[in-house]
Amino acid sequence: MAFFISLILVLTLCAASYYGAEAGMQWLFGMTIPYLAIAGFVCGFAYKIYSWAKSPVPFRIPTTGGQQYSHEWIKNDPLDNPHTVSWTVGRMLLEILTFRSLFRNTEVVIHRTEDGPRVAYNSARWLWLFALIFHYCFLVIFLRHFRFFMDPVPFFVRGLEFMDGIFQIGAPRLYQTDVLILAAVGFLLLRRVFDQKVRYISLISDYFPLLLIGGICLSGIYMRYLSKTDINAVKTYVMGLFTLSPVSAEGIAPIFFMHLFLVCALLLYFPWSKLMHLGGVFLSPTRNLPNDSRMRLHVNPWKPPKKYHTYEAYEDDFREFMVEAGLPVDKPLDKADA
Amino acid sequence: MYNAKYIMPGLVIFLGLITFPLWFNVLSCTRYEAPQLALPEDQQECIIDAKVMRAEHMTLLNDWRDKYVRDGEITFTAANGKIYDMSLMNTCMSCHTNKEQFCDSCHTKNSVYPYCWECHIAPRGNQ
């Protein structure tokens with residue numbers, strides 16, 4: 001159900017922008033919404049990070065996969081259980097660049113043997129592999145798009161395009177990232193649809209971004225390889241947007257505005273969704289704090305000044321009533337007054 | 001806000017990088033001019049309608065390459081029945097004599113670097 005609702009949502013976005021642009025509302029889908037989306041993304045991202053940074057992290061949370069640093073004669077695992085800042089940076093880099101926690105993913109299987117069922121834990125690295133492919137392809141595709149955003153084209157674009165199309169298949173050259181990202185999005189989507197356990201916990205907020213990104217990829221691929229959108233007109237138009245002097249969108253096919261609108265939808269949706277793991281991964285307390293709980297004194301950062309009310313003071317307040325009720329007191333009435 | 005000395009620079013760097021094209025173009029007062037093609041003066045028609053050609057020339061040239069080199073097909077019949085040699089240098093570049101002002105003017109602006117000229121010799125134009 002969640003899958004079909006997400007699919008309908010994405011198709012509605014596609015149809016609205018395609019037919020909207022065809023009906024002459026290019027200014028809306030090609031100018032107003034992109035500017036709003038950029039502003040919304042920047043403000044939303046900053047707000048979200050700020051709201052997270054307001055939460056104190058009082059002490060280390062050592063969810064470790066390795067031996068803690070202790071004595072010299074006990075071998076420790078500094079990358080899994082770092083005790084210094086530099087090793088923690090290493091752990092963070094491995095997490096961010098190679099998705100180490102996905103690499104640890106395991107699955108439970110039950111082997112039927114003659115002696116009855118036996119449980120086994122296998123490593124399950126498909127998710128890790130396709131997540132890695134997906135993220136790096138997305139990065140390369142995003143960077144390749146800088147050819148439309150700047151003039152002259154930034155230095156890194158040519159090298160990226162060369163490496164990406166190095167097999168020289170067809171014309172325009174087939175980019176490996178285009179194929180790989182479709183495969184990766186497809187895997188991540190089908191995994192949610194066909195794996196019972198994952199489907200059970202999948203929500204609209206899981207399907208929607210995947211379908212949205214899939215839609216962006218497909219419309220982009222369609223424009224490059226099939227409909228051959230006039231990239232000269234597109235670059236002139238996009239440069240108009242990025243120099244804050246928008247030009248007329250004449251001669252640009254509606255599919256371009258659909259592509260652009262889906263990207264805008266992604267930008268606007270981004271800060272309020274699970275996609276914020278882009279910023280959130282840097283703030284993971286179980287990853288970014290060295291495990292030095294036993295080496296340093298950690299003071300509770302929001303430690304409030306405490307009001308003490310000692311037993312002596314309590315007895316001073318209520319001595320008469322306590323004596324009246326026959327309760328034992330440390331100081332009898334006559335001595336307390338003195 | 002906790003750990004602001006780490007989080008704030010990170011946030012500023014990220015947002016600065018991701019909005020780089022916007023503020024860089026605005027601050028450097030970039031004005032983008034769409035490339036102007038130098039069209040041949042003595043010719044009226046291309047082998048295919050110019051509009052189609054603009055979108056499909058790379059596919060056409062790729063097809064020509066495969067047909068000429070692999071299938072031995074050496075002529076191309078246009079829609080109006082005219083027959084052309086399948087040749088980038090002898091057909092295309094005989095009218096579009098200036099690579100810099102024709103091919104490169106769009107290609108460079110849009111970071112397109114076809115590998116035609118790794119084998120072919122670019123005409124030196126009207127010099």
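Where does S111(B) lie in chain B? S111(B) is found in the segment after helix 5 (103-109) of chain B; helices are DSSP runs (H or I, at least four residues), numbered from the N terminus. This tour concerns a predicted model, in which local features need pLDDT of at least 70 and side-chain atom pairs count only at pLDDT 80 or more, while totals for chains, interfaces and linings use all residues. Residues are numbered from 1 along each chain as its sequence is written, chains are lettered from A in the order in which they are written, and side-chain values use heavy atoms, without hydrogens or water.

**Chain B**

Please select S111(B) first. Its phi is near 55°, a positive value in a residue other than glycine. S111(B) is buried, with a relative accessible area of 3% (buried means under 20%, exposed over 50% and partly exposed in between, with a 1.4 Å probe and protein chains only).

Select N3(B) next, in the segment before helix 1 of chain B. N3(B) is also not a glycine, and its phi is positive, near 50°. With a relative accessible area of 48%, N3(B) is partly exposed.

The mean for chain B is 88, and 97% of its residues reach 70 or more. Within chain B, confidence is highest in helix 1 (residues 4-18), at a mean of 94, and lowest in helix 4 (residues 88-95), at 87.

Chain B is divided into domain 1 (1-32) and domain 2 (50-118), with bounds from an automatic or database domain assignment. The C-alpha centres of these two domains of chain B lie 42 Å apart.

**Chain A: domains and aromatic rings**

Turn to chain A, where the assignment gives domain 1 (2-288) and domain 2 (307-338). Their C-alpha centres lie 68 Å apart.

How many aromatic pairs does the structure hold over all chains? There are 27 aromatic pairs over all chains. Rings of Phe, Tyr and Trp (its six-membered ring) pair if their centres lie within 6.5 Å; planes under 30 degrees apart count as stacked, over 60 as edge-to-face and the rest as tilted.

Select F41(A) and F45(A). Their ring centres are 5.6 Å apart and their planes are at 45°, so the pair is tilted. The two residues are four apart in helix 2 (residues 26-53) of chain A, and are therefore separated by about one helical turn. Both F41(A) and F45(A) are buried.

F270(A) is buried, as is F41(A).

Then select F142(A), F146(A), F149(A), F155(A), F156(A) and F242(A), which ring pairs link into a cluster.

**Chain A: two cis peptide bonds**

Select P152(A), in the loop between helix 6 (146-149) and helix 7 (155-164) of chain A. A cis peptide bond, with omega about 0°, joins D151(A) to P152(A). Continue to P172(A), in the loop between helix 7 and helix 8 (176-194) of chain A. The peptide bond from A171(A) to P172(A) is likewise cis, with omega near -5°.

Definitions and conventions:
pLDDT = per-residue confidence, 0-100.
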